[in-house]
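Please walk me through this structure. I would like to know how its parts sit against each other.

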Amino acid sequence: MEKFVKINFLGAAGVVTGSKYLIETSEQHILIDCGMFQGLKELRELNWCDLPVEVANIDVVLLTHGHLDHVGYLPRLVKQGFKGKIIGTAPTLAIAEIILKDSGKIHEEDAKRANKEKYTKHEPALPFYTIEDAEETIKQFQVEMEDTWIKLSEHISYRFQYNGHIIGATFIELDINAKRFVFSGDIGRQNDFLLNDPKTPEWADYLFIESTYGNKLHPEEDVEEILTAIIKETIHKKGNLIIPSFAVERLQTLMYILWKLYKKNKIPNIPIFVDSPMGANVLEVFRRFPKWHKLPIDEYNAMCNHMNIVASYRETWETIDDKRSKIIIAGSGMVTGGRVLTYLQQLIDEPSTTVLLVGYQAEGTRGRQLQEGAHEIRFFGKYYPVKATIKNIDSLSAHADQKDLLDWMRNIKNIPEKVFLIHGEPTALDAFRVKIKDVYNWNVSIPKLIDVEKVMV
């Protein structure tokens, strides 16, 4: 085997989204994650470019978890000639299937709307990929067990390890010629409402670690108390509380917290509408894989029965027309698309409306604009004035903060030859680089998009 491994940083390098890392060896070409870019326009435009590598030479894709910024580029990869297996844990592939089909449907609907309403410069606007493309991609899925070494070739093996964050999520240990490459994926948090604590790596010759909150600590705040106050204020204003939510994990966590508040008599029996077809499908994944989360089945059933699960677009409009004060949880979490846009289109210009942001808002997303106090917001080709109250709960993030990240690395017994900081914005990456140097004195690198690095094995 060659003495060098070639690492191609094809996404989530210098930015948070679009995770893709191609590991080239003489035996196997392995792609770790295959995500879409989100947020800034110049990043989103990269999605339309073919990858700057020989896609047909990629043997296998290993997935850390099922979020769009880790799986959303897969149908394009297949279209570019990828014929190999796409491997993940059973819940990860279940989530990825839901997300890819939903994403294909949204791409088709967005292109259709843009062509009909003429708010596109493209003639015609084309979907990024279709439902049919997603279904073709899913045919290449292959489930493998967590916590089990799987041989890829004579000198290469990998293992998935439980990582919190979302159901099915793992970090990946990849052994190449007796050197261990550890890809953190997205690291979850300790004492999560729904998930067990992440496992931690014990050895890493080359460590690739996410840095989303590399410069921040999550605030010590009582989420239940904050939510209770916001809900009571919403009822007092006779308004609506709209919570844009990621369909995977955040939506289920919010449902669980709201259910607990009602059970404890902290909030009245205010109608709660869950409008996320994808989120409803993810609830089914929780039911199918009880060993991957902490929610007992009786609690799961009671929680679901307490909510109004919106099943159709007609019901979306019926919910908007409902004059009662209510809570609406709708996708997507960064307000980049999905059902939440329909609610905001109708309600964001009303002072009685409150919009609650409950997760990381990437640069260039509508969620970040709202978080930063935008006076108007653009979607469906038009601007809408923001008269609603905008609130934020940072501590509901599913990502580890700086302390969690440092703790996650603490059990590594050796000194890594190199630590690559990925999946972070520049200020977070640099702050985390300094912190790792101070705490561990390890050799830290911050790769940029399309960087290529050769390392010894």
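The centres of domain 1 and domain 2 lie 27 Å apart, taken over C-alpha atoms. Domain 1 covers 4–216 + 398–456, and domain 2 covers 223–396. These bounds come from an automatic or database domain assignment. This is a predicted model: local features need pLDDT of at least 70, side-chain atom pairs count only at pLDDT 80 or more, and totals for chains, interfaces and linings use all residues. Residues are numbered from 1 along each chain as its sequence is written, and side-chain values use heavy atoms, with hydrogens and water left out.

Domain 1 gives 34 residues to it and domain 2 gives 31 residues, with contact meaning heavy atoms within 4.5 Å. The two domains bury about 3,100 Å² between them. Buried area is the accessible area (1.4 Å probe) that two parts lose on being put together, summed over both. Of this area, 67% is on carbon and sulfur atoms. On the domain 1 side, I167, F193 and L194 supply 25% of the area buried against domain 2, more than any other three residues.

The rule finds 1 salt bridge between domain 1 and domain 2. A salt bridge here is a side-chain nitrogen of Lys or Arg within 4 Å of a carboxyl oxygen of Asp or Glu. E425 and R368 meet in a salt bridge through their side chains, at 3.0 Å from N to O.

Which helix gives the largest share of the side of domain 1 that touches domain 2? Helix α4 (residues 90–117) does, with 9 residues. Helices are DSSP runs (H or I, at least four residues), numbered from the N terminus.

Definitions and conventions: Helices (H or I, at least four residues) and strands (E, at least two) are DSSP runs, numbered from the N terminus.
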